[in-house]
Amino acid sequence: MRQPKIIDRSQDQHFMREALALAAEGAVLGEVPVGAVLVHDGEIIGRGFNCPISSHDPSAHAEMVAVRAAAQSLANYRLPGSTLYVTLEPCSMCAGLIVHARIQRVVYGATEPKAGVVLSRGEFFSQAFLNHRVLIEGGVLAQECGAVLSEFFKARRGR
(Lines give C-alpha, C1' and ligand atoms only; values in the text may rest on other atoms or scores of the structure.)
Protein backbone atom coordinates (compact mmCIF):
# COMPACT_ATOMS: atom_id res chain seq x y z
CA MET A 1 0.00 0.00 0.00
CA ARG A 2 1.26 3.46 -0.89
CA GLN A 3 2.10 5.69 2.06
CA PRO A 4 0.45 9.13 2.15
CA LYS A 5 2.84 11.92 1.27
CA ILE A 6 3.97 14.02 4.22
CA ILE A 7 3.04 17.65 3.65
CA ASP A 8 5.87 20.08 4.36
CA ARG A 9 4.36 23.33 5.71
CA SER A 10 7.58 25.28 5.07
CA GLN A 11 7.39 24.19 1.42
CA ASP A 12 3.79 25.42 1.31
CA GLN A 13 4.91 28.81 2.59
CA HIS A 14 7.80 28.93 0.12
CA PHE A 15 5.55 28.34 -2.88
CA MET A 16 2.87 30.70 -1.53
CA ARG A 17 5.54 33.43 -1.40
CA GLU A 18 6.24 32.69 -5.08
CA ALA A 19 2.52 33.17 -5.77
CA LEU A 20 2.55 36.43 -3.78
CA ALA A 21 5.41 37.74 -5.94
CA LEU A 22 3.31 37.02 -9.03
CA ALA A 23 0.31 38.78 -7.47
CA ALA A 24 2.51 41.86 -7.06
CA GLU A 25 3.40 41.71 -10.78
CA GLY A 26 -0.30 41.78 -11.62
CA ALA A 27 -0.93 44.71 -9.29
CA VAL A 28 1.68 46.77 -11.14
CA LEU A 29 -0.39 46.26 -14.29
CA GLY A 30 -3.59 47.33 -12.52
CA GLU A 31 -4.91 43.77 -12.25
CA VAL A 32 -6.47 42.43 -9.05
CA PRO A 33 -3.39 41.00 -7.29
CA VAL A 34 -3.86 37.25 -7.26
CA GLY A 35 -0.97 34.94 -8.05
CA ALA A 36 -0.66 31.20 -8.58
CA VAL A 37 2.02 28.59 -9.11
CA LEU A 38 1.58 24.95 -10.02
CA VAL A 39 4.16 22.59 -8.56
CA HIS A 40 5.03 19.00 -9.45
CA ASP A 41 7.80 17.02 -7.74
CA GLY A 42 9.00 20.16 -5.97
CA GLU A 43 9.39 22.16 -9.20
CA ILE A 44 7.25 25.03 -10.45
CA ILE A 45 5.77 23.97 -13.79
CA GLY A 46 3.32 26.84 -14.24
CA ARG A 47 3.06 30.45 -13.09
CA GLY A 48 0.31 33.01 -13.43
CA PHE A 49 -1.29 36.15 -12.12
CA ASN A 50 -4.70 37.65 -12.76
CA CYS A 51 -4.71 39.36 -16.15
CA PRO A 52 -8.28 39.48 -17.50
CA ILE A 53 -8.11 43.24 -18.07
CA SER A 54 -4.81 43.39 -19.93
CA SER A 55 -5.45 40.19 -21.90
CA HIS A 56 -9.11 40.99 -22.68
CA ASP A 57 -9.92 37.49 -21.43
CA PRO A 58 -12.45 36.96 -18.63
CA SER A 59 -11.00 33.51 -17.98
CA ALA A 60 -7.46 34.80 -17.33
CA HIS A 61 -7.53 34.22 -13.59
CA ALA A 62 -4.19 33.41 -11.94
CA GLU A 63 -5.09 29.73 -11.60
CA MET A 64 -6.12 29.46 -15.25
CA VAL A 65 -2.91 31.10 -16.47
CA ALA A 66 -0.72 28.86 -14.27
CA VAL A 67 -2.54 25.66 -15.26
CA ARG A 68 -2.40 26.52 -18.98
CA ALA A 69 1.35 27.13 -18.70
CA ALA A 70 1.88 23.85 -16.85
CA ALA A 71 -0.19 21.85 -19.33
CA GLN A 72 1.82 23.32 -22.21
CA SER A 73 5.08 22.65 -20.37
CA LEU A 74 4.21 19.00 -19.79
CA ALA A 75 2.31 18.59 -23.08
CA ASN A 76 -0.59 17.09 -21.12
CA TYR A 77 -4.01 18.41 -20.18
CA ARG A 78 -3.99 16.28 -17.04
CA LEU A 79 -1.74 17.27 -14.15
CA PRO A 80 -2.01 14.48 -11.54
CA GLY A 81 0.28 14.69 -8.53
CA SER A 82 0.52 18.46 -8.78
CA THR A 83 -0.23 21.13 -6.19
CA LEU A 84 -1.69 24.52 -7.04
CA TYR A 85 -0.71 27.40 -4.76
CA VAL A 86 -2.96 30.44 -5.09
CA THR A 87 -3.15 33.56 -2.98
CA LEU A 88 -6.96 33.68 -2.98
CA GLU A 89 -9.64 31.02 -2.53
CA PRO A 90 -10.63 29.79 -6.03
CA CYS A 91 -13.89 30.77 -7.75
CA SER A 92 -16.28 28.33 -9.43
CA MET A 93 -14.60 28.62 -12.84
CA CYS A 94 -11.19 27.84 -11.41
CA ALA A 95 -12.55 25.05 -9.21
CA GLY A 96 -13.93 23.32 -12.31
CA LEU A 97 -10.57 23.72 -14.02
CA ILE A 98 -8.79 22.17 -11.03
CA VAL A 99 -11.00 19.09 -11.17
CA HIS A 100 -10.74 18.69 -14.96
CA ALA A 101 -6.93 19.03 -14.80
CA ARG A 102 -6.84 16.35 -12.06
CA ILE A 103 -4.76 18.58 -9.77
CA GLN A 104 -4.10 16.64 -6.58
CA ARG A 105 -3.98 19.45 -4.06
CA VAL A 106 -4.89 23.14 -3.75
CA VAL A 107 -3.26 25.41 -1.20
CA TYR A 108 -4.75 28.89 -0.92
CA GLY A 109 -4.06 31.94 1.20
CA ALA A 110 -6.93 34.36 1.83
CA THR A 111 -10.60 33.45 1.74
CA GLU A 112 -12.84 35.07 -0.88
CA PRO A 113 -16.17 35.76 0.86
CA LYS A 114 -17.90 36.97 -2.32
CA ALA A 115 -17.00 34.25 -4.81
CA GLY A 116 -14.81 31.59 -3.19
CA VAL A 117 -16.20 28.08 -3.56
CA VAL A 118 -13.85 26.05 -1.40
CA LEU A 119 -15.63 27.11 1.81
CA SER A 120 -16.90 30.71 1.59
CA ARG A 121 -19.81 30.39 -0.86
CA GLY A 122 -20.11 26.62 -0.95
CA GLU A 123 -18.03 23.50 -0.82
CA PHE A 124 -17.52 22.69 -4.47
CA PHE A 125 -14.78 20.10 -4.00
CA SER A 126 -16.94 17.93 -1.73
CA GLN A 127 -19.75 17.52 -4.28
CA ALA A 128 -20.66 13.86 -4.80
CA PHE A 129 -20.96 14.21 -8.59
CA LEU A 130 -17.27 15.04 -9.05
CA ASN A 131 -15.13 12.29 -10.55
CA HIS A 132 -11.91 13.58 -8.94
CA ARG A 133 -11.15 14.43 -5.32
CA VAL A 134 -8.90 17.36 -4.49
CA LEU A 135 -7.04 17.83 -1.22
CA ILE A 136 -7.47 21.36 0.16
CA GLU A 137 -5.36 23.44 2.51
CA GLY A 138 -6.54 26.96 3.23
CA GLY A 139 -5.11 29.86 5.16
CA VAL A 140 -1.43 29.52 4.21
CA LEU A 141 0.06 33.01 4.66
CA ALA A 142 -3.54 34.22 4.78
CA GLN A 143 -2.67 37.52 6.43
CA GLU A 144 -0.07 38.41 3.81
CA CYS A 145 -2.33 37.34 0.96
CA GLY A 146 -5.26 39.31 2.32
CA ALA A 147 -3.10 42.40 2.95
CA VAL A 148 -1.99 42.52 -0.70
CA LEU A 149 -5.62 42.60 -1.81
CA SER A 150 -6.69 45.08 0.88
CA GLU A 151 -3.89 47.50 -0.02
CA PHE A 152 -4.70 47.22 -3.73
CA PHE A 153 -8.37 48.06 -3.25
CA LYS A 154 -7.60 50.78 -0.68
CA ALA A 155 -5.28 52.45 -3.22
CA ARG A 156 -7.88 52.06 -5.97
CA ARG A 157 -10.59 53.69 -3.83
CA GLY A 158 -8.16 56.51 -3.00
CA ARG A 159 -7.77 57.52 -6.65
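In the predicted model, the largest nonpolar core holds 45 residues, of which Ile-103 and Phe-125 touch the most other members. The elements that give two or more residues to this core are helix 1 (9–28), strand 1, strand 2, helix 3, strand 3, helix 4, strand 4 and helix 5. In soluble globular proteins, nonpolar side chains tend to be buried together. When neighbours within four places in sequence are left aside, the contacts of Ile-103 are Leu-38, Val-67, Leu-79, Ser-82, Leu-84, Ile-98, His-132 and Val-134.

The strands form an open sheet of five, in the order 2-1-3-4-5 and with mixed pairing. Strand 2 (43–49) and strand 5 (135–138) are at the edges; each has a single partner strand, so one side of each is left without a neighbour in the sheet. On average, and with direction ignored, neighbouring strands of this sheet are turned by 15° against each other.

Strand 1 and strand 2 pair in the antiparallel sense, over six bridges, and Leu-38 has Gly-46 in strand 2 as its bridge partner. These two strands form a hairpin with two residues between them, and Asp-41 in the turn has a positive phi of about 50°. Although strand 2 stands at an edge, strand 2 is mostly covered, with five of its seven residues buried. Strand 4 (residues 105–110) pairs with strand 5 in the parallel sense over four bridges. Here Tyr-108 stands opposite Gly-138 in strand 5.

His-40 is found in strand 1. With a relative accessible area of 25%, His-40 is partly exposed. Not counting residues up to four places away in sequence, His-40 touches Ile-45, Pro-80, Gly-81 and Ser-82. Ser-59 is 19 residues from His-40 in sequence, and the C-alpha atoms of the two are 23 Å apart in space.

Helix 3 (residues 62–74) lies across strand 1 (35–40), strand 2 and strand 3 (83–88), and runs at about 140° to strand 2. Helix 5 (residues 142–158) lies across strand 3 and strand 4, at about 60° to strand 4. In helix 4 (residues 92–100), the residues Cys-94, Ala-95, Gly-96, Leu-97, Ile-98 and Val-99 are buried. The cover over the buried residues of helix 4 includes helix 3, strand 3 and strand 4. Helix 4 is followed by Arg-102, which has a positive phi near 60°.

Glu-63 lies in helix 3, and its relative accessible area is 4%, so Glu-63 counts as buried. Apart from neighbours within four places in sequence, Glu-63 is in contact with Ala-36, Leu-84, Val-86, Leu-88, Pro-90, Cys-94 and Leu-97. Among these contacts of Glu-63, Cys-94 and Leu-97 are buried residues of helix 4. Over residues 10–119, the chain is 41% helix and 23% strand, and the end C-alpha atoms are 24 Å apart.

The cysteines were examined for disulfides. A disulfide is a covalent bond between the sulfur atoms of two cysteines. A pair is counted when the two sulfur atoms are within 2.5 Å, and by this rule the count comes to zero disulfides. For Cys-91, the closest cysteine sulfur is that of Cys-94, at 3.8 Å, which is too far for a bond. For Cys-51, the closest cysteine sulfur is also in Cys-94, but at 11 Å, again too far for a bond. Cys-51 has a relative accessibility of 14% and therefore counts as buried. Cys-91 likewise counts as buried, at 14%. Cys-94 itself is one of the buried residues of helix 4.

Conventions: Residues numbered from 1 in each chain as written. Predicted model: local features only at pLDDT ≥ 70, side-chain atom pairs only at ≥ 80, totals over all residues. Heavy atoms only, no water. Pairing = 2+ DSSP bridges. Axes fitted to C-alpha atoms, helices over the stretch in contact; angles between N-to-C directions. Contact = heavy atoms within 4.5 Å. Buried < 20%, exposed > 50% of the residue type's maximum accessible area, 1.4 Å probe, protein only. Core = buried A, V, L, I, M, F, W, Y, C linked by side-chain atoms within 4.5 Å.
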